[in-house]
Amino acid sequence: MYAVCGLLTICMGVIEIAAVTDDFSLKVVAEHSSIETPLGYKLASMWSSQEGSLLLWAWVLSIASSAALFVTRNKHREIVPWATAVLMGVGSFFIALTLFAARPFAMMTPVPADGVGLQPLLQHPTMLIHPPMLYSGYVFFTIPFAFAIGALITRSIDASWIRSTRRFALIAWTFLGIGLLLGARWSYTELGWGGYWAWDPVENAALMPWLMGTAFLHSVMVQEKRGMLKVWNVSLVVATFSLCLLGTFLVRSGVLQSIHAFGDSTVGPYLLGLIGVVLIGSTVLIVSRLDSLQSEKRIDSLASREAVFLVNNLLLVALVAVILFGTFFPLISEALTGTKHTLAAPWFDKWSRILAIGLVLFTGIGPLLAWRRISASAARRVFLLPAAFALVVALLLAVLTNATEHPWAFAIFAFAGFTLCALAQELVQAGAARRSLAGGSLPAGMLAVAARNRRRYGGYTVHAGIVVLLVGIAASSSFQTNRDIRLSPGQSEKVDDYTLTYVRPTSSVDDRRVSFGAILRVEKDGKKFATMTPTRQFFVPTGTNRGPTVRSVFSGEPTTEVGLDAGLRNDLWTAVTPDISGVIHDAKKSDDALTACLRGGPAVPLACRQLGDLMRAAAADPSLRPRAFAQITGAQDRVVEQLTRSYAQKAQPATFRVIVNPLVSWMWIGALIAIAGALISVWPTPGARRRRVSSVEAARVGQGLSRA
């Protein structure tokens with residue numbers, strides 16, 4: 001295992017060094033990087049390719065597997081060999097893909113002088129970390145899956161394998177959550193449509209294992225505490241890993257249309273085969289071990305923490321089922337009717353909202369309940385304050401806002417109040433109990449309790465973050481103002497409380513991109529509020545002959561840089577679509593003039609005749625081609641710069657998309673809170689580390705007794 005990790009690290013280093021040093025003899029470097037590509041994007045170009053991303057998958061898996069093997073080197077003597085075999089089997093599969101189906105070390109013949117460069121849409125800072133986070137999330141879920149298979153094979157169905165791999169599952173959940181957050185932020189600030197989630201198939205493919213992993217992390221707590229839900233746990237971890245493979249498959253198969261997917265792919269059938277092996281093999285193994293998976297205890301009362309965890313699991317699995325059905329509905333409809341039909345965002349929104357309301361509510365109920373059962377008097381005591389707070393929130397919303405016109409958002413806000421109050425109440429009561437025993441202030445007691453039981457209170461922090469995130473989603477999706485307005489320089493338009501004035505157009509050109517934009521002056525309540533400069537950018541092709549036309553420079557895939565003023569109450573979001581029809585018309589005229597110039601003749605200027613003579617000589621003498629193309633490119637660059645500057649000198653109208661997003665910042669804040677809570681839960685407590693060191697011999701004795 002360690003040797004595979006070392007060898008794959010060398011492979012990664014070779015490709016990254018080739019990208020940094022502009023070694024275009026490697027096809028993956030030539031097709032995804034260029035001399036002009038900035039250093040950071042050169043490093044990221046490796047995982048922007050299908051070949052490099054598969055190598056990244058295998059490399060991260062080797063790191064995670066080596067870490068798991070090291071952590072469990074002195075325990076689980078029966079399980080670890082089987083888990084290692086599963087991990088090496090999955091690793092061998094992805095290594096085989098890089099050897100035979102998608103080769104990252106394929107060579108270019110002849111070696112080009114420059115590369116094609118990274119796609120314009122991918123040239124965003126998020127590209128440096130978003131894909132690695134998603135891949136790491138997918139890969140780290142392999143660890144609990146492999147140990148679950150090892151436990152099933154050896155019939156070691158107690159909670160020991162869960163305790164050893166829970167931290168890996170939480171790391172996977174955190175990585176995947178960070179990847180989803182970065183993808184949403186990328187979409188919000190870069191794609192120019194104003195949203196952060198489009199229910200795209202590849203987006204859904206990353207969300208589903210995160211949701212299923214959430215259910216698994218809750219379910220294992222019940223097995224650890226009560227010895228229950230064993231079948232649930234192994235089924236959930238198998239489903240989570242299968243969904244991770246499904247996400248990898250959807251990006252590379254082409255079976256569903258997505259802006260995130262790779263183009264032509266040869267690895268889709270192999271990935272589908274692996275998913276089939278995992279599902280069929282795991283199902284057979286679980287069924288054959290049902291006698292060993294019987295729960296030691298049963299749910300004593302519906303008013304218990306384990307019952308609420310089970311309800312949460314059902315809601316999460318139902319949400320995954322809804323997303324899975326909606327994602328694959330085009331294939332289902334085609335199989336049944338012969339015609340592909342898709343389910344649009346409103347369908348996903350409708351069903352996910354219903355389930356999200358239940359999740360927010362039960363997230364607050366769970367911490368208030370005890371294991372096994374809770375008495376009526378205790379229930380009244382712990383539920384009184386959160387219920388009263390939720391009622392106050394609901395009344396304030398009904399009186400002061402129009403939230404009641406959007407029932408699902410109203411329910412989310414009220415239940416969020418209940419949940420946040422319940423979580424705060426738990427922490428305050430624990431801090432008060434600590435203060436009564438050890439003295440000191442209440443905040444110090446709360447901090448001491450949280451530091452001593454990081455898993456519990458880190459989990460509460462995650463819950464609070466998710467609730468805040470859902471509040472941001474509910475507010476921004478229900479009360480958003482979205483308008484498209486067309487303005488000429490000097491004109492103004494009012495959108496909600498903001499007055500936007502189009503001051504003047506802007507344009508710029510450098511050796512990588514052409515930008516057309518606008519300066520917007522924003523006023524609120526008659527006072528200056530902000531100045532925004534949204535732009536639309538066209539990247540000049542690099543690494544290849546851009547073609548004989550200047551017009552091709554303005555016909556590529558554009559990217560959007562939005563104007564954004566973010567606040568805790570509202571986000572003001574703007575994007576511009578400049579009217580460059582005049583620029584394209586002038587570019588066509590320049591192309592016609594250049595074509596006539598190259599044809600030569602007595603009527604054209606001497607410089608044109610000389611350029612035409614050089615091009616005809618280059619056709620016969622390949623050594624003259626670099627000089628000829630350099631002169632053509634130079635002439636085109638001068639024309640492009642002139643046309644770009646002329647746009648700003650004209651009073652061109654432009655179309656603006658203006659969005660007022662209420663409370664959307666709380667979505668990002670909630671996500672950061674949840675990530676912080678996950679990190680708190682992952683970090684071991686000092687007491688746990690001391691107990692681990694002092695109880696090695698006791699653990700060995702326990703393992704011996706277990707085997708006996």
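This report covers confidence, nonpolar cores and some local backbone features of a predicted model.

## Basis and confidence

Residues are numbered from 1 along each chain as its sequence is written, and side-chain values use heavy atoms, with hydrogens and water left out. In this predicted model, local features need pLDDT of at least 70 and side-chain atom pairs count only at pLDDT 80 or more, while totals for chains, interfaces and linings use all residues.

The protein has a mean pLDDT of 85. (pLDDT is the predictor's confidence in each residue, from 0 to 100.) A value of 70 or more is reached by 88% of its residues. Helices (H or I, at least four residues) and strands (E, at least two) are DSSP runs, numbered from the N terminus.

Residues 688-708 have pLDDT below 50. Beyond near neighbours in sequence, this stretch has 8 contacts in the model. Contact means heavy atoms within 4.5 Å. Where pLDDT is low, the predicted coordinates should not be read in detail.

## Nonpolar cores

A nonpolar core is a set of buried Ala, Val, Leu, Ile, Met, Phe, Trp, Tyr and Cys residues joined through side-chain atoms within 4.5 Å. Buried means under 20% relative accessible area, exposed over 50%, and partly exposed in between (1.4 Å probe, protein chains only).

The largest core holds 105 residues. W57, F94 and W161 touch the most other members. Leaving aside neighbours within four places in sequence, W57 contacts V90, F94, Y135, Y138, V139, T142, L245 and T248. A second, separate core has 33 residues, including L181, A403, V471 and A575.

## P505 in strand β3

P505 sits in strand β3 (residues 498-509). This proline counts as buried because its relative accessibility is 4%. Not counting residues up to four places away in sequence, P505 touches P489, G517, A518, Y647, A648 and K650. S488 is 17 residues from P505 in sequence, and their C-alpha atoms are 9.1 Å apart.

## Backbone features in loops

T109 and P110 are joined by a cis peptide bond, with omega about -5 degrees. P110 lies in the loop between α5 (79-101) and α6 (130-140).

Two non-glycine residues with positive phi follow. L229 has phi near 60 degrees. Its loop runs between α9 (201-226) and α10 (230-253). L229 is buried, at 12% relative accessibility. D496 has phi near 55 degrees. D496 is in the loop between β2 (492-495) and β3. D496 is partly exposed, with a relative accessible area of 41%.
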